[in-house]
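Colleague: Please take me through one part of this model closely, starting with the open space inside it. I'd like to know what surrounds that part, too.

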Amino acid sequence: MTETVHILTMKWGTLYSADDVNRLAAQVRRHLPLPHRFICFTDDASGLDERIEALPLPELGLPSGHGDTRWRKLGVFRRDLAGLSGTALFLDIDLVVVDDLTPFFDLPGDFHIIRDDDLFRAKPLRKINPERDKFLHGVGNSSVFRFEIGQHGYILDAYLADPSAATENYEISQQFQSTQLAKHGNLHYWPRGWCVSFKNDCVPRNFASYFRDPTLPEGAKIVLFAGAPKMADVFSGRGHKWYRRIGNIDWLRRAWESP
């Protein structure tokens, strides 16, 4: 691939800072040799690195009287997304890039996402309700997804047709998003192991964590913080449990910090 690709992220409110976005952009520069634009959709561009393109948050287009913007991320599926076109990789801010991102663009197809179940250990009790288990097993985790800009407007269309029903029938936006993708035959997943959970894939299980430090699984390209502890907890030295010692994470900290 020789065309310029887009790396998209989104920051609003105060949960994440400009420094968090700057660190993510630096990780991308280190691990993506392809020509690319790093774009942050935000309500506050102050403090962002000058190499980051700051754009206003995409308008969801909610009907009058509906002010619930928790599903704001669906705005990236606008057909007219800030005048952009081409291939985009969306990255949440709370992750760490640890290896080459090029394969995320080489994989054939116009939409790929993490299978949410790939980030967690097996949940045998879910088998009690086979229909729900099947549904949850198909949900894509929207922390990392690649798409063709403007080509998946049907996701936003379906949401805007009845936002209240969407938020009542689905717990989180990625469940709704996955349902729409599946209906259109576009729900495809990254190979398992490209995106890994820090807690479930890097930290040794249970009391083994008292004897071995966290390590990066072979083939991993992005480390995510699914569930608890969150990224901020890990890098602040929190998140330890009596049954889970986090240990030395110098390798992860080096990957996370800006050069």
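Modeller: Happy to! On a 1 Å grid over the protein atoms alone, a pocket is an open set of points where a 1.4 Å probe fits, with protein on both sides within 12 Å along at least five of seven lines; lining residues have an atom within 4 Å of a point. Points join across faces, edges and corners, and the volume is the space filled by probe spheres set on them. This is a predicted model, where local features need pLDDT of at least 70 and side-chain atom pairs pLDDT 80 or more, while totals for chains, interfaces and linings use all residues. Numbering runs from 1 along each chain as its sequence is written, and side-chain values use heavy atoms, without hydrogens or water.

The largest pocket holds about 990 Å³ of space. It is lined by 32 residues, and Leu15, Tyr16, Lys73, Asp92 and Asp94 sit closest to its centre. The lining has 17 nonpolar residues (Ala, Val, Leu, Ile, Met, Phe, Trp, Tyr, Cys, Pro), nine charged (Asp, Glu, Lys, Arg) and six polar (the others, Gly among them). At least two lining residues come from each of strand S1 (5–11), strand S7 (140–148), helix H6 (173–183) and helix H8 (231–235); helices (H or I, at least four residues) and strands (E, at least two) are DSSP runs numbered from the N terminus.

Leaving aside residues up to four places away in sequence, His6 touches Arg37, Ile39, Leu84, Ser85, Thr87, Ala88, Leu89 and Ile149, where contact means heavy atoms within 4.5 Å.

Helix H1 (residues 18–31) is mostly covered, with eleven of its 14 residues buried, including Ala18, Leu24 and His31. From first C-alpha to last, H1 reaches 20 Å, close to the 20 Å expected, which is 1.5 Å times one less than its number of residues.

Lastly, the cysteines: the whole structure has zero disulfides (pairs of cysteine sulfur atoms within 2.5 Å). For Cys40, the nearest cysteine sulfur, in Cys195, is 20 Å away, and Cys40 is buried at 0% relative accessible area. Cys202 is buried as well, at 3%, and its sulfur is 12 Å from that of Cys195, its closest, too far for a bond.

Terms used
Buried < 20%, exposed > 50% of the residue type's maximum accessible area, 1.4 Å probe, protein only.
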